[in-house]
Amino acid sequence: MTTPATGAAPAQLSFDELGTPLRETTFVVVDLETTGARAAEDAITEIGAVKVRGGRVLGEFGTLVDPERGIPPQVAALTGITERMVADAPKLAAVLPAFLEFAAGAVLVAHNSGFDVGFLKAACERHGYPWPKPPVVCTVRLARRVLSREEAPSCKLSALAELFRVPVTPNHRALTDARATVEVLHRLLERVGSVGVHSVEELLAYLPEVTPQQRRKRELAAHLPNAPGVYLFRGPNEEVLYVGTASDLRRRVRQYFTASEGRQRLREMVALAVRVDAVPCAHPLEAEVRELRLITAHKPAYNRRSKNQGAWWLALTDEAFPRLSLVRTPRDGAVGPFRTRRAAEEAMEALLEAVPLRACAQRIPARAPSGSPCALFELGRCKAPCAGRQSAEDYAPAVRALRDLVAGVSTAPLRDAAEQLAELALAHRFEEAATRRDRLARLVRALDRGQRLAGLAALPELVAARPDDAGGWEFAVVRHGRLAGAGVARRGTPPMPVVEALVAAAETVVPSAGPLRGAPAEEVGVVLRWLERPGTRLVRCDTPWSSPAGAAGSWRPWAELADAGRDQYRFTGH
């Protein structure tokens, strides 16, 4: 793939410009008083919140709340909030929407945030409001990351307020405690700047525990550009340990060294890494395709996808009485692709229920077969060609039916299978009908996906465009399902000369046999998803891109109904 130059290179962002700078971030520091500690059972008695940005207070929110229940004496003694004080206070139904509006778009901060956020989430659920899912900073966790045990044996709000000599003394009243938490937050943010945390994204990544070894390796990301692309972690012997994609290479790779990676295997990877290489890409589609190709080429030990390379297919054997067989290298007319062997086996079962092919694995000669009928013959599911009870000519229509189904010429086998489901239901064999319905729905989706992928892979060349987020265009040249060229036309750049340059410089793709003309199934799938996204425009296609009238796509509504029936079956517990 090639990426022609299409305008001036973007200016390198400064260290402080990565992400949203903390000085430009709006924080809403909140504190709640409640009737107890259980969000599902207890109620809020007071909300206090302070909105700050750049060290300045932008606003405050404070109110008592009628909990519509009694306040335990021990809680009243701790907070000083009595039932008489809240008797005339507004109920939470009136207070909650006002608070949500006050906090909208801000980073939520709380001391021991799990408590306050738990009550706010429960309140939203109780009163029918969706939880807005704001970023959350817990000052307890931040203090434990910043301060040593010797400096701060306790991370209680009162202890931190005393340590930092803040002018507000916490007293278990919501607004006062929120004001004290603001001061503590500012003192802690001063500390994190010295360890390279300057943006809210880095702050959120910094909160979990990070080993000193991880943090020391942040310099491995220093040379990376702030551009989309693929990154490769390399080990001491130049081996590729891990491959990933990013919309901003430098920012993404830095996160491995500032955040505690929950997956132990990636912690191990970071510990082994000695270098990070990058492949800048024109846009996310190119990055995703390059990632797939690099994983296939290097098989990195720490990419799970490395262990699941390739796809499974179902193909007819080449003999007088063809049967379905599981293969990894597809040939023309194969059914697939399937991500797992189990998915391919389920599709085979569904096909054998829809098309009267033999299920046995023995090779049957065209003349004078001398085998013995198996149990499937007794069940009426096979006509025993192995015993000479069915000729190759009588067997041929089943083979043609399967080939027509896969090619999109006819969906008659799907119709026959659906009629069998109706017969099972009439016979009150509901469990069997449900099992076969689910298998048939999965087969419909597999056939539909395979036909769409094959339709794209059949095209010698296609050029498509998507608008970027800045008034320009992202382009892709696709040849036989593979991404052959990628580039962009920035805002103000005439797009068609860029297209012509991309087409001229695009990779040559020589198709081979098989439904996907030799292209990897996963790559064709990535390209197809990009092409099918709303907003993608077809610039050029040298042959018509179409689907056959008898394609499985016409059965999508049926598959959706089948899925809805399965979900309803599970929901009701029947």
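Which strands do the buried residues of α18 pack against? I looked this up first, bearing in mind that the model is predicted. The buried residues of α18 pack against β12 (462-467), β13, β14 and β15 (537-541).

**Entry: helix α18**

I went back to the helix itself. α18 covers residues 495-505, and V498, V499, L502 and V503 are buried in it. Looking down the axis of α18, I found these buried residues within an arc of 135°, so they line one face of the helix. That made sense to me, because residues three or four places apart in an α-helix point the same way. On the face of α18 turned away from the buried side I noted the exposed residues P497 and A504.

Next I traced the strands. They make an open sheet of four, in the order β14-β13-β12-β15, with antiparallel pairing. β14 and β15 are the edge strands, each pairing on one side only. On average, neighbouring strands here are turned by 20° against each other, direction ignored. α18 packs on this sheet, and its direction makes about 30° with that of β13.

Then I went pair by pair. β12 and β13 pair in the antiparallel sense over six bridges, and P467 has W473 in β13 as its bridge partner. β13 (residues 473-479) also pairs with β14, again antiparallel, over seven bridges. There W473 turns up again, with A489 in β14 as its bridge partner.

How many residues sit between β13 and β14 in their hairpin? I found two, and H480 in the turn has a positive phi of about 50°. I also checked how covered β14 (residues 482-489) is: seven of its eight residues are buried.

**Entry: a three-stranded sheet**

I moved on to another open sheet, this one of three strands in the order β10-β9-β11, with antiparallel pairing. β10 (324-327) and β11 (335-338) stand at the edges with a single partner strand each, so one side of each is left without a neighbour in the sheet. Neighbouring strands are turned by 25° against each other on average, direction ignored. β9 (residues 312-316) pairs with β10 over four bridges, and L314 stands opposite L326 in β10. Helix α13 (residues 341-354) lies across β9, β10 and β11, and I noted that it runs at about 170° to β10.

**Entry: R328**

Where does R328 lie? I found it in the loop between β10 and β11. R328 is partly exposed, with a relative accessible area of 40%. I then listed its contacts, leaving aside neighbours within four places in sequence: Q309, G310, A311, W312 and W313. The side chain of R328 reaches the backbone oxygen of A311 at 3.2 Å.

**Entry: helix α16 and its ends**

I wanted to check the length of α16 (residues 412-426). At 1.5 Å a residue, its 15 residues should span 21 Å, and the end C-alpha atoms are 21 Å apart, which agrees. The buried residues of α16 are P413, L414, A417, A418, L421 and L424. They cover an arc of only 140° around the axis, which puts them on the same side of α16. The face turned away from that buried side carries the exposed residues E423 and L426. After α16 comes H428, with a positive phi near 65°.

Is T411 buried or exposed? T411 has a relative accessible area of 14%, and buried means under 20%, so I wrote it down as buried. Leaving aside neighbours within four places in sequence, T411 is in contact with L405, G550, A551, S554 and W555.

**Entry: T45**

My last stop was T45, in strand β2 (residues 44-53). T45 counts as buried, at 3% relative accessibility. With neighbours within four places in sequence left out, its contacts include E33, T34, T35, L64 and V65. I also found P67, I71, I81 and V86 among the contacts of T45.

Methods. Residues are numbered from 1 along each chain as its sequence is written. This is a predicted model: local features need pLDDT of at least 70, side-chain atom pairs count only at pLDDT 80 or more; totals for chains, interfaces and linings use all residues. Side-chain values use heavy atoms; hydrogens and water are left out. Two strands pair if DSSP finds at least two bridges between them. Axes are lines fitted to C-alpha atoms, for helices over the stretch in contact, and angles run from 0 to 180 degrees between N-to-C directions. Contact means heavy atoms within 4.5 Å. The expected span of a helix is 1.5 Å times one less than its number of residues. Buried means under 20% relative accessible area, exposed over 50%, partly exposed in between (1.4 Å probe, protein chains only). The arc is that of the directions from the helix axis to the C-beta atoms. A polar contact is a pair of N or O atoms within 3.5 Å; within protein, one must be able to donate a hydrogen and the other to accept it, and residues adjacent in sequence count only if both atoms are side-chain atoms.
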